[in-house]
Amino acid sequence: MDEERIKAWLFNIQGIIDRPLPKDLQQQTQKTDPRLQEKREKSAAWSNKKWCAKILNKFVYKYSDKGRVKEDNKGFPELFLGTYANYFLEGFLKLLYHFKSSYIQPKTRFFAFKYIINSLNYPELHNTISLNLDTIIYDIIIPALQLTSQDEEDWIQNPVEFIRR
């Protein structure tokens, strides 16, 4: 693998994830406005972030484990884990820290959580996770799992659709 080319791609992808969004795409709104919700979720900016987060997840899954890497790329897992993986982990944590105060598209949030979960498999990333563990659990995960009054209303009105989403 050409390290410089991979580096350029990875930093461009992280740049898209870190790029600030317009205020109307990130401010919290009531879930009762479905047109605004749909507009926001399907916006190009959130779609770009979602796909970049998915690419980074595939990358960490495929290229961080020596067992999954082809013979000619055996040195890449050490390079990726030592140089890039922590940087991406910090970027995802920074994105998720804004969950309480601003909107984060559910699919982008899913891939950010998935990256953190995949990162638990690698000792090189344990330090970053352990330093932020309280914040991850209490400020990100628990609020994301809490039921809202809108969730209860959706459950009562249409339980099948509630489970589907």
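**Reading the helices of a predicted model**

Of the 165 residues in the protein chain of this predicted model, 35% count as buried.

Q: Which elements make up the protein chain, and how many helices are there?
A: The chain holds ten helices and zero strands, and its C-alpha atoms fill a box of roughly 55 × 30 × 30 Å when this is taken along the principal axes. Among contacts between residues at least 6 apart in sequence, 66% join residues at least 24 apart.

Q: How is the packing of two helices described?
A: The general idea is that two packed helices are described by the angle between their axes and the distance between the axes. In this structure, the axes of helix 4 (residues 44-63) and helix 5 (residues 76-97) come within 11 Å and cross at roughly 150°, and the crossing is left-handed. From helix 4 the contact is made by A53, L56, F59, V60 and Y63, and from helix 5 by F76, P77, F80, F88 and F92; by class these are ten nonpolar residues, with no polar and no charged ones.

Q: Where does helix 5 bend?
A: Helix 5 bends by about 45° at Y84, and over its 22 residues it reaches 30 Å from its first C-alpha to its last, close to the 32 Å expected at 1.5 Å a residue.

Q: Is Q14 buried or exposed?
A: A residue counts as buried under 20% relative accessible area, and because the value for Q14 is 1%, Q14 is buried. Q14 is found in helix 1 (residues 3-18), and, not counting residues up to four places away in sequence, Q14 touches L56, Y87, F88 and G91.

Terms used
Residues numbered from 1 in each chain as written. Predicted model: local features only at pLDDT ≥ 70, side-chain atom pairs only at ≥ 80, totals over all residues. Heavy atoms only, no water. Axes fitted to C-alpha atoms, helices over the stretch in contact; angles between N-to-C directions. Helix = DSSP H or I, 4+ residues; strand = E, 2+ residues; numbered from the N terminus. Left-handed = near helix turned anticlockwise from the far one by under 90°. Contact = heavy atoms within 4.5 Å. Nonpolar A, V, L, I, M, F, W, Y, C, P; charged D, E, K, R; others polar. Expected span 1.5 Å × (residues − 1). Bend = angle between axes of the 7 residues up to and from the residue. Buried < 20%, exposed > 50% of the residue type's maximum accessible area, 1.4 Å probe, protein only.
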